[in-house]
Amino acid sequence: MKLQRQQLLINNFFMFIINCPYCGERDQTEFTCHGEAHIARPDNPSEISDEEWGRYLFFRENPKGTHFERWTHDHGCRRWFNVMRDTVTDQIIKTYKMGEAKPEISNE
Ligand SMILES: [Zn+2]
């Protein structure tokens with residue numbers, strides 16, 4: 001069976017390797033996903049409606065395809081970073097540091 005580049009077959013379980021932008025490649029068990037990335041806090045929270053505030057707090061994208069997520073390297077450097085991941089294949093397309101620009105989505 002041909003393995004994808006970021007997967008290792010160990011004891012009949014696929015283990016994903018995640019590239020921490022600070023530490024390099026590590027096992028998936030060292031990381032935690034914290035949901036969608038690039039959600040901007042409203043500039044004027046006291047001036048927006050309860051519905052708009054609720055949308056900011058609770059509504060998230062759930063795309064079939066490319067998704068941008070916030071992750072932490074809990075059992076490593078403990079830093080936050082972003083992940084561009086395909087939700088269909090579970091393939092991590094790119095990892096990048098907080099504050100770096102969101103990568104373009106390729107239509108290949
Ligand atoms: Zn790290």
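Entry 1, contacts across the chain. I took the contacts between residues at least 6 apart in sequence, and 47% of them join residues at least 24 apart. Two residues are in contact if their C-beta atoms, placed from the backbone, lie within 7 Å.

A note on the source. I am working with a predicted model, where local features need pLDDT of at least 70, side-chain atom pairs count only at pLDDT 80 or more, and totals for chains, interfaces and linings use all residues. Residues are numbered from 1 along each chain as its sequence is written.

I found one helix and seven strands, and along the sequence they run β-β-β-β-α-β-β-β. Helices (H or I, at least four residues) and strands (E, at least two) are DSSP runs, numbered from the N terminus.

The chain has 108 residues, and 9% of them count as buried. A residue is buried if 20 or more other C-beta atoms lie within 10 Å of its own, exposed if 12 or fewer, and partly exposed in between, with C-beta atoms placed from the backbone.

I located His 73 in the loop between β5 (66-72) and β6 (80-86). Is His 73 buried or exposed? His 73 is buried, because 20 other C-beta atoms lie within 10 Å. Leaving aside neighbours within four places in sequence, I listed its contacts, among them Cys 20, Cys 23 and Phe 31. The C-alpha atoms of His 73 and Cys 20 are 7.1 Å apart, although 53 residues separate the two along the chain.
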